[in-house]
Amino acid sequence: MARNVKLTEGQQMSESQETVDTRGDDRIELLRADANQDGKTDLWVVDTDGDGKADLFQFDTDGDGKVDITMVDADEDGKPDEVVDGDGGLPPTT
């Protein structure tokens, strides 16, 4: 499903303007993690359709606090259906 994303205060679009299609319009963060233990979030696991299953995965790979890679698992089979540079038009909430 294609959709327009309205950024709320405190959200910024990444340098990449590439957007991804998700299962829904919600952003329910199931997990935020500090994978490299530098004290900053660098992994976001998100449910976009409210079914409790992750379908959006975002990674900050360089430690600047911005999403560098976004993966969508639209059919929730555990395999990415789409991978883009940047936040895919879906920046994490701060």
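Both faces of strand E2 are covered, with Leu43, Val45 and Asp47 buried on one side and Trp44 and Val46 buried on the other, where buried stands for under 20% relative accessible area with a 1.4 Å probe and protein chains only. This strand spans residues 43-47, and five of its five residues are buried; strands here are DSSP runs of at least two residues, numbered from the N terminus. The model is predicted, so that local features need pLDDT of at least 70 and side-chain atom pairs count only at pLDDT 80 or more, while totals for chains, interfaces and linings use all residues. Residues are numbered from 1 along each chain as its sequence is written, and side-chain values use heavy atoms, with hydrogens and water left out.

E2 pairs in the antiparallel sense with strand E1 (residues 28-33) over five bridges, pairing being assigned if DSSP finds at least two bridges between two strands, and within this arrangement leucine 31 stands opposite valine 45. E2 also pairs with E3 in the antiparallel sense, over four bridges, and here tryptophan 44 has glutamine 58 as its bridge partner.

Glutamine 58, in strand E3 (residues 56-59), has a relative accessible area of 0% and is therefore buried. Its side chain joins that of threonine 70 through a polar contact of 3.3 Å, a term for a pair of N or O atoms within 3.5 Å in which, within protein, one must be able to donate a hydrogen and the other to accept it, residues adjacent in sequence counting only if both atoms are side-chain atoms.

Methods: Buried < 20%, exposed > 50% of the residue type's maximum accessible area, 1.4 Å probe, protein only.
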